[in-house]
Every structure is written in C-alpha cells, then in structure tokens.
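Subject: Structure for you to look at

Hello,

Here is the structure I promised you. Please open it next to this email and follow along.

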Amino acid sequence: MISIWKKELRSSLCNVTGFLYLAASVFFFGVYFYVMNLYQGMAHVNYSYASVVYLFSLTIPILTMRAFAQEFHDRTDQLIFTAPVSRTAVVLGKYLAYLTLFLIPVVVAAFYPLILTGYGSVAVTEAYTTLLAYVLYGMAAIAIGIFVSSLTANVVIAAVSTAVVLFLAYTMGGFGELLGVPVLKQILGAFHMQSRFLTMETGVISLRSILYFLSVAAAFLCFTVLRLQSYRCGRGGNPKDRRQRVVILLVTILLALGINVTAELLPDRATEYDVTMKEFHMLTEDTKKFLDTLEKDVTISVYKKETEAEPDTVKMLKNYGAYEHITVEYVDPEKAPRFPEKYAVNGFSEGSLVVASDTAFRIIDQESIYTYSDPEMQSYGASPDGFDLEGLLTTAIDYVTTDRLPMVYELSGHGELLLAGNFKTALDRENVKLQEIRLVSAGSVPKDADCVLLLAPSEDFSEAEIGALKDYLAEGGHIYLLLQWTAEPQKNLYAFLAEYGIDVRYGVVSEEDADVYFQEPYYLIPEIRETSVTDGLEGNLALSAMTLGLQSEDPAVEAILKTSDRAYLKKDPQNAATTEKEEGDETGEYLPGLFRQWTVDLTPADAKEDGGKITRQSQLAVFGSPYMTQDAMDGYISGMNRKLFIKLMSHMVSRPALTSVPVKTYTFEYVAVPASDATFFGVILSGVLPGILLMVGLGVWFLRRSR
C-alpha cells in the first residue's frame, strides 16, 4: 500500500493536474480569507472555510478523475490485477495519495486564524472545528471521486460525473425541502452532506457528523474495491464470486446505515460538544473576580420548576451557586402562586428570576435573557442571536449589594450625541445612573455628579457654560469629552481645552502609513498606550474615525492614543477631492485620545465639611472622534472602544470596573486589520502562493514533454 501511495503521489506531482488542484485550492482559500477576514474584518475564519466547501464539485473531480479511469484508458490496469498487493491495498494507496494532496492546502489554511489573532479576539475554536469538518467532508468526497473514476475509462466523464454527484450531495437537502414530501425529505436528507458540515461549522464537534463522513468514505472505498473485483471477474469470474460481492455490498450498506441510525438515536449531550469561543454557560473572569469579593448574601430565585426551566439558564446558575454567598432556588409556580406579589404589584411571568439581598432586589424578566438584533423578530418566532443571562445576573447582584450607585450626567443642547446601544448597556451593567441635563438651563453641574459626558457637540458652548464646566473641574469633577469636526471651529470649547494643555488643530486626521489605518486613511487604528488609566488594555487597537487633530506639549497630559508621524490633516474633509495626502496638508503626529488628571484642594466651605483641606482628583478625558462611543465602529475591533470607555468611566467615578459582561452573541464579530497588512497577506495567500504552485506545475509538465 505504501508503494502505491508513493507511486500515485509522485504521478500526481509530475502532472500539471496535481499542481492545478493545489493552486486552485490555495487560491480560493486565500481569496475568501482576504475578502471576509482581512478586508471586511470578520473575526470568524470558519465562515471563510465554509465558503470553500461548495467548490468541492470543481476541485475534487480534478484531483480524482485520473484515479482508475486513466489506468483503464492506458490499459495499465493489468498491473493492478497482477501486482503483488491486494486490490484493497491499491485502493487505499491511491486514496491516501489524493488525501495527502488534499491536505496540503488545508495545512496552509490552518495558519489563517493565527494570522488574524494578531489583530483582535478571533473565534479560533470555531475555525478549527470547521476545518476539521472540511477535512472530513473532503475525505468522503475523495472516496466518491475514486469510485466514480473506477466506473469509466474516460477521464472527462469521470470528472463530470464526480462533479454532478458532489453537487447533488451538496444540494440534496434543498431538493427535499422543495418536494415537501416527508418520506422523500428524509431519504434525500440522508444523502445531504452539506447539512452534516453545517452542524460543525457553528463550533460544535458532532459525533453524528464525524461518523457520517467516515462511514460514507469507508463505504465508497469498499464499493471501489468491489468494482475492481467485478471488473476483473468480467474477464473470467464465476457466479460464486458475484454472490459474495453482492453480500459484501449489502453488508457495507447496512453497516453504514446502522452506524448513522444509532448515532441519531443517541441524546445530544452524548454526541455534541460545544467548543465555541463564547463558552455560553461558563462565567467570565470579571464575574468570577467579582463573586470572589462578594461579602453580602444573595438569593437567586427562579420562578419555575428546575426540571422545566431553560437548560441554558440551569447550567449558568449552577456556576453561580458554587460561590459561598450565592444561593440558587427554584420556586414552583403551582405551589407558590403568590410568590411574585412580594416583589411586583403586577407580578411577573414564569421563568423570570429574582435577585435579592436583605436590602434590595431586582427582577430579571425571562424575555430579556435571550436577545434579538431585531426585536420584532421575536414575535415571529425567530431564533435569538444572543444569550445575556450572565450580564444581567452579575449586574443585578452588584445592584442589590451596593449602597451608593454613581451618577453620570450627559449634557445636551448643542447637538450632542446621547449614549446608546452597547455603550449604554455597558454603563447600565456597571449600575451607573445616567441622566440628561441642559447646562444652559441648569446653570451649573449638579453637586452629585460623579462624571459629565460631552459626546460630540456640533455647536459651540457659551462662555457661561464653559465657566460652569471650569467650576465643576475646580471642585474635583470628571469630564469625558468627544469632539467632532464642524464647518466652523468651536472657539470657546477649543479655548477651554487649551487651558488644560490640549491643543485642537482644526481638521480631520488621516494616515499615510497603511499599517495604522483600516480600509480608509481616516479610519485610524492606533494602539492603546500604557497610561495611568489604561491598565490591561495597552497594546490593543482602538478605532478612531473622522478624528480632530489633537496635540499637547504639556507633560501632565497623557496620550492614550497616538498616530504615526506621517499622519496629515484635512482642513475641509467635506470638500476634499481625495482622502489621500495632498500638497498643503499639515503633516505630523497627533493624539486622538488624551487624559489629564490633577489634584485640587478644597476648603471646608467649598466641600461643606468641617476640618482642614480636602484633596480631590480632577480628571479630563478627550477624544477627537465622535465615533468612539458608536456601536458601528466598535464592532470592527471586538468591542475595544467600549472596553476603553468603561475603563475610563470606572476610573472617573471611583468604582472598579465590574462586569460589563457583553451579550454572548450567536452572530459574528470583527477585527480591524491595517490596510497594508490586509493587502500584504491577500497578495501572498491568493496571488503569490497559487502562482508559484501553478508555475511549478507548468514547469514540470514542460520538462516532461521535452524529454
């Protein structure tokens, strides 16, 4: 068998066909990886792998069409039947040779998730589970191709027939759905290979799918051996041998069916293993640290029988119940119908949770545990796209065990943005109270303000309002400010920042260095720098779009984000002919994110306290982009802007960042790959490597013809 494997592998690599297959496979892997993961920034390489599967109907026929058809055509099949090896060894030797060629592009593709991990959080386990499914699917497809090749002496017919069979196997389930006949649907579904692949594509290792592909591969290899024996018997066989082959054929089919039917009868917990990066039922490290420091007793009551509760909820609650101060109980609605009256006038639905301490409680409605990107889809019975129980529970536990919650005011009246989406949810998860206020009517910042948000005002502030902000900072206040480009400079606001050592250069920053922008030059992706407020985030990429040119020479100002020294300023981005650098554009290093902290001494009169002076810390965080708190941009960098926002807010309100546990989504996330890196890897993987393979194949073919 080994000698057959070596001979067939050598034959494939001495023929342009083998290199054509390798070049085509590497090319398609590279193209999908570039478009979906490098250029679009999708963090799930498994979608790229899955996109290549449909090409089996094109690539596998190229790989296997010569297996036996060429032998029959060249009449070298006599060597097979007279060789001192069994027909089984011949079939397995050829199969392993084609499988070796098949695995070469797979090995190249296996490095793709590792490349992407350099730019953010990547679904590595889902990627390799999908790649495993790809290999299993390919093993079955190769076995089918070899069998079809053994049925004809025409290489072209073998290739076309294999393509048709694999195409039908890919689309068989669709035909079953189209016909609508239950029996036919089940029969056709048994031949639908794509459905088994899709099961594992989501990051679930499925024993059923593994057994299905292996049994299909084994069955068709057995069919090929029987076909060769039948071919030989046609030249002098006897009826006894034919009956024996029929028996083996039937046993093979029944054995394959038996394996798959048995696998279908097994429970899901015995056949499926979830390896998704989200770990839906596991607690995050933030939650674990928080629960380890918990001092108050908390009871989590589920208004449902445990045997009837959602399995996801039960699994998650077991992790919470393992902590000393957490008690989990299930309340039977039939035995305690008046249980909701203790917490709500109108009661609450079955399946809801109550998180309670001796001083407070919070209700988690069952409808909020699962999330939908489009709320209306829930009423149509659509599947949820997220599981939010951990975030809700940890926030509720913090709420019922905390004496005073921070108060943050967001200013309005100047065309500001209001905190929304995942950023507002993240702040809510920190149990921070958020209230809108108009400074022009209030006259001053409220005394209970732990922080003030100024999110991208589009109009300038009055001198009185600027005075109120100065007074607030002079008393130890904290301001988080986003700027945005406006047709006219906001002179009062810029002058206010200048007093604290922050210089605003009017214009939008773009990058000439392709290593530090994403897709477009004004989509900056600078690294988060090490500062007094970015502990644990340094080195990660933030996304700052349409950024004003901030600079500072004050040593007290810390640069959270910094561009390259090749960045340039577009004074009028609305009317600019191009985003590329032009003559006259101001070039230099800019600071898209800044932080300043200083000490203020308050007299007892100011602080309304007795005694000596009171020392407080004033803090000012300034970002040049209005998109720093927008979900649309945050999604491209795996939520890093949101993490930076929460890190700063927790520092400003003097409260450790707790949970901010994001929804464990079923949907994909993004990473931000610099344009230069995306182009580099795209050219190498989808251009250079396939080109080299194709040129080597043509070179080998030319040298053989020259002999």
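**A tryptophan at the surface**

Trp701 counts as partly exposed, because its relative accessibility is 41%, and partly exposed lies between under 20% for buried and over 50% for exposed. Please keep in mind that this is a predicted model.

Where does Trp701 lie? Trp701 lies in helix α27. That helix covers residues 675-706. Trp701 also belongs to a nonpolar patch on the surface.

**Another tryptophan**

Now go to helix α1, residues 2-13, where you will find Trp5. Trp5 has a relative accessible area of 26%, so it is partly exposed. Which residues does Trp5 touch, leaving aside its neighbours within four places in sequence? The contacts are Gly93, Leu96, Ala97 and Thr100. Look at Leu92 as well. Trp5 and Leu92 are 87 residues apart along the chain, yet 7.9 Å separates their C-alpha atoms.

**The four-stranded sheet**

Next, find the open sheet made of four strands. Its order is β4-β3-β5-β6, with mixed pairing. At the edges are β4 (326-330) and β6 (361-364), and each of them pairs on one side only. From one strand to the next, the twist averages 15°.

Look inside this sheet at β3 (residues 298-302) and β5 (residues 353-356). They pair in the antiparallel sense, over four bridges. Ser301 has Val354 in β5 as its bridge partner.

Two helices go with this sheet. Helix α17 (residues 311-321) lies across β3, β4 and β5. It runs at about 145° to β4. Helix α19 (residues 389-401) packs on the sheet and touches β3, β4, β5 and β6. The direction of α19 makes about 165° with that of β6.

**The seven-stranded sheet**

Seven strands form another open sheet, again with mixed pairing. Read the order as β10-β9-β11-β12-β21-β20-β17. The edge strands, β10 (433-438) and β17 (557-561), each pair on one side only. Here the twist averages 20° from one strand to the next.

Follow the pairs one by one:

- β12 (residues 478-482) and β21 (residues 614-623) run parallel, joined by five bridges. Tyr480 stands opposite Ala621 in β21.
- β20 and β21 run antiparallel, with ten bridges between them. Gly593 stands opposite Phe623 in β21.
- β17 and β20 also run antiparallel, and four bridges join them. Glu558 has Phe595 in β20 as its bridge partner.

Helix α26 (residues 640-652) lies across β9, β11, β12, β17, β20 and β21. Its run is at about 160° to β21.

Best wishes

Methods: Residues numbered from 1 in each chain as written. Predicted model: local features only at pLDDT ≥ 70, side-chain atom pairs only at ≥ 80, totals over all residues. Heavy atoms only, no water. Pairing = 2+ DSSP bridges. Axes fitted to C-alpha atoms, helices over the stretch in contact; angles between N-to-C directions. Contact = heavy atoms within 4.5 Å. Patch = residues over 30% accessible without salt bridge, like charges linked within 9 Å, V, L, I, M, F, W, Y side chains within 5 Å. Areas by Shrake-Rupley, 256 points an atom, 1.4 Å probe, with all protein chains shown as cover. Salt bridge = Lys/Arg side-chain N within 4 Å of Asp/Glu carboxyl O. Buried < 20%, exposed > 50% of the residue type's maximum accessible area, 1.4 Å probe, protein only.
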